[in-house]
Amino acid sequence: MKTPAQSSRVPSGTAVARDESTRDRVARSILTNGSSSAAVLAERLELTPAAVRRHLDHLLDEGLVESREERVYGPRGRGRPAKVFVLTDAGRHAFHQAYDDLAATALRFIAESSGDEAVVAFARQRVAEVETRYRALLELAPAGKEAEVLAQALTADGYAASTMQAGAGEQLCQHHCPVAHVAAQFPQLCEAETEVFSRLLGRHVQRLATIAHGDGVCTTHIPGAPASVSPVSDGESARNAR
């Protein structure tokens with residue numbers, strides 16, 4: 001990301017390049033890890049909080065990031081929610097969105113000429129090859145690590161994914177979406193992907209947020225595996241029936 005000098009004092013070329021490089025690291029860290037506070041960014045990048053805030057101010061002025069209150073899942077503690085920073089559409093565009101207006105135009109043509117069902121069929125066909133590749137990986141995953149392996153596969157495909165514990169289940173977080181601009185117009189792409197996650201993980205999953213709809217990260221809730229039920233012996237059945 002290139003940033004023009006803001007002050008009347010012109011720093012040396014080396015200083016400008018260093019500032020731009022660090023600013024790019026800040027933006028890329030938000031892209032990879034999702035919404036982040038200034039304190040978290042400073043710790044993650046081994047920078048001073050003052051330096052991070054300076055770079056965030058530049059990114060805010062350029063419209064590449066925006067600040068919002070941190071979304072809290074579950075009971076909220078006392079005090080104001082922390083301020084976190086997320087990439088804007090312009091910020092994500094700086095990291096080269098994989099789909100452009102041509103893809104959206106093609107899907108609009110499909111919808112207008114063949115109806116929404118054709119768009120759904122296209123979306124499902126698009127993820128079919130991905131599902132085949134991911135299934136081969138998940139079949140080799142250790143028990144209980146399926147979501148983690150899925151996140152690694154998504155990351156390899158450019159989605160910067162991670163998992164985190166959430167109550168009795170997990171959350172699959174995709175911090176980048178190569179098709180966000182197109183998915184904003186055609187949510188069928190997100191729906192087809194969610195269907196694939198359910199089939200791969202063998203349980204019903206729920207989309208909580210998507211980048212395409214303005215959230216900072218695509219979040220999918222994965223409920224915990226059903227508890228196994230021990231078989232009941234004939235003797236126990238008889239006693240319980242009394």
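A nonpolar core is a set of buried Ala, Val, Leu, Ile, Met, Phe, Trp, Tyr and Cys residues joined through side-chain atoms within 4.5 Å. Buried itself means under 20% relative accessible area, with a 1.4 Å probe and protein chains only.

**Ground rules.** I am working with a predicted model, where local features need pLDDT of at least 70, side-chain atom pairs count only at pLDDT 80 or more, and totals for chains, interfaces and linings use all residues. I number residues from 1 along each chain as its sequence is written, and side-chain values use heavy atoms, with hydrogens and water left out.

**Whole chain.** I looked up the secondary structure and got 10 helices and 6 strands. These are DSSP runs numbered from the N terminus (helices are H or I, at least four residues; strands are E, at least two). The chain has 242 residues, and 39% of them are buried.

**Cores.** Next I went looking for the largest nonpolar core, and it has 30 residues. Leu150, Leu154 and Leu172 have the most contacts inside it. Helices 5, 6, 7, 8 and 9 each give this core two or more residues. Helix 9 has the largest share, with 7 residues. I also noted a second, separate core of 15 residues, which includes Ile30, Leu31, Leu41 and Phe85.

I then clicked on Leu150. Contact here means heavy atoms within 4.5 Å. Skipping neighbours within four places in sequence, Leu150 touches Tyr134, Leu138, Leu172, Phe197, Leu200 and Leu201.

**Helix 6 against helix 9.** How do these two helices cross? Their axes come within 8 Å and cross at roughly 35°. The axes are lines fitted to C-alpha atoms over the stretch in contact, and angles run from 0 to 180 degrees between N-to-C directions. The contact's residues divide into 12 nonpolar, 1 polar and 8 charged. For that tally, Ala, Val, Leu, Ile, Met, Phe, Trp, Tyr, Cys and Pro count as nonpolar, Asp, Glu, Lys and Arg as charged, and the others, Gly among them, as polar.

**Thr88.** I found Thr88 in the loop between strand 2 (83-87) and helix 4 (89-93). Is Thr88 buried or exposed? Its relative accessibility is 15%, so Thr88 counts as buried. Leaving aside neighbours within four places, Thr88 is in contact with Gly63, Leu64, Val65 and Glu66. Thr88 and Leu64 are 24 residues apart along the chain, yet their C-alpha atoms are separated by 5.4 Å.

Note on methods:
Buried < 20%, exposed > 50% of the residue type's maximum accessible area, 1.4 Å probe, protein only.
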